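Hi everyone, thanks for coming. Let me put the structure up on the screen so that we can walk through it together.

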Amino acid sequence: MYFIKENVDCVTASDLKECIHVFKEVCVSKHSKLISIDSIQNIKNENGISFDYKNCRYHLKSNASYQCKNASLAIEVIHQLNNKKIINISNEQLMNGIYNTEWAGRFEVMRKDPLIIIDGAHNEHGINALVDSLKGYENIKFIFSCLADKNGKEMLTKLMEISSDITVCDFDFYRADSSKRLAEGFNVKTEKDYQKAIVEALNHKGTLVISGSLYFVSIVRKYLKDILKD
């Protein structure tokens with residue numbers, strides 16, 4: 001636990017009992033205080049996520065529900081630093097900062113009509129968060145690729161809970177998994193050329209989600225910006 005330092009408070013957004021248990025043990029050994037975020041209230045998704053944290057209303061440009069926890073962690077860290085008089089950031093500055101924060105490649109809307117979303121959900125935890133954020137979206141089509149050292153089959157299994165239209169692609173990176181291996185045993189489409197898969201999916205009548213490796217999403221993002229700029 002190299003990230004927990006001697007006599008330095010540790011702030012966490014985790015609610016996993018096994019993680020909290022370990023954090024507590026390490027904090028005791030490091031003479032550090034473990035601080036968990038407070039509960040997040042009144043989450044709504046109307047042109048972006050909004051939520052209450054410690055009696056303040058915050059707004060995000062993102063539509064990803066998992067960003068509430070990430071934002072609340074940042075807010076709690078600011079509160080702790082303010083309390084220690086290390087910094088001096090007002091509630092207004094904090095709310096503006098949270099609203100104006102954008103994270104490229106994380107539930108990023110590349111086009112609104114038809115809707116295209118890219119998300120670098122590169123592991124099982126990320127895929128679970130993505131699937132949870134996509135609840136309420138209709139007719140979802142996925143284009144997916146991941147690294148060979150990730151549990152791609154578990155991630156595909158999770159995606160199939162909300163979509164029967166999944167295309168698995170290759171991309172040029174030495175650690176990338178092959179579409180053939182990923183698709184083995186699954187009722188999914190394969191397309192070695194991710195650009196071809198994207199072009200064929202542009203007229204999808206619903207929500208197109210392109211996800212998987214952060215490396216994959218980064219090259220997809222650049223490609224989409226090129227072909228959608230007109």
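Before the tour, one definition: helices (H or I, at least four residues) and strands (E, at least two) are DSSP runs, numbered from the N terminus. What you see is a predicted model, where local features need pLDDT of at least 70, side-chain atom pairs count only at pLDDT 80 or more, and totals for chains, interfaces and linings use all residues. Residues are numbered from 1 along each chain as its sequence is written, and side-chain values use heavy atoms, leaving out hydrogens and water.

Let's begin with the largest pocket, which holds about 820 Å³ of space. A pocket here, on a 1 Å grid over the protein atoms alone, is an open set of points where a 1.4 Å probe fits, with protein on both sides within 12 Å along at least five of seven lines; lining residues have an atom within 4 Å of a point. Of its 29 lining residues, Ala 13, Ser 14, Lys 69, Asn 70 and His 125 are the closest to the centre. Which helix gives the most to this lining? That is α4, with five residues. β1, α1 and α2 (67-83) are also among the elements that each supply at least two.

Now to α1, residues 17-29. Ile 20, Phe 23, Val 26 and Cys 27 are buried there, where buried means under 20% relative accessible area and exposed over 50%, with partly exposed in between (1.4 Å probe, protein chains only). Just after α1, His 31 has a positive phi of about 55°.

Next, the largest nonpolar core has 25 residues, and Ile 127, Leu 130, Leu 134, Phe 142 and Phe 144 touch the most other members. Such a core is a set of buried Ala, Val, Leu, Ile, Met, Phe, Trp, Tyr and Cys residues joined through side-chain atoms within 4.5 Å. Here too α4 gives the most, with four residues. A second, separate core of 20 residues includes Phe 171, Ala 201, Val 217 and Leu 224.

Last stop: Thr 207, in strand β11 (residues 207-212). Is Thr 207 buried or exposed? At 5% relative accessibility, Thr 207 counts as buried.

How values were computed:
The expected span of a helix is 1.5 Å times one less than its number of residues. Grid points are joined across faces, edges and corners, and a volume is the space filled by probe spheres set on the points.
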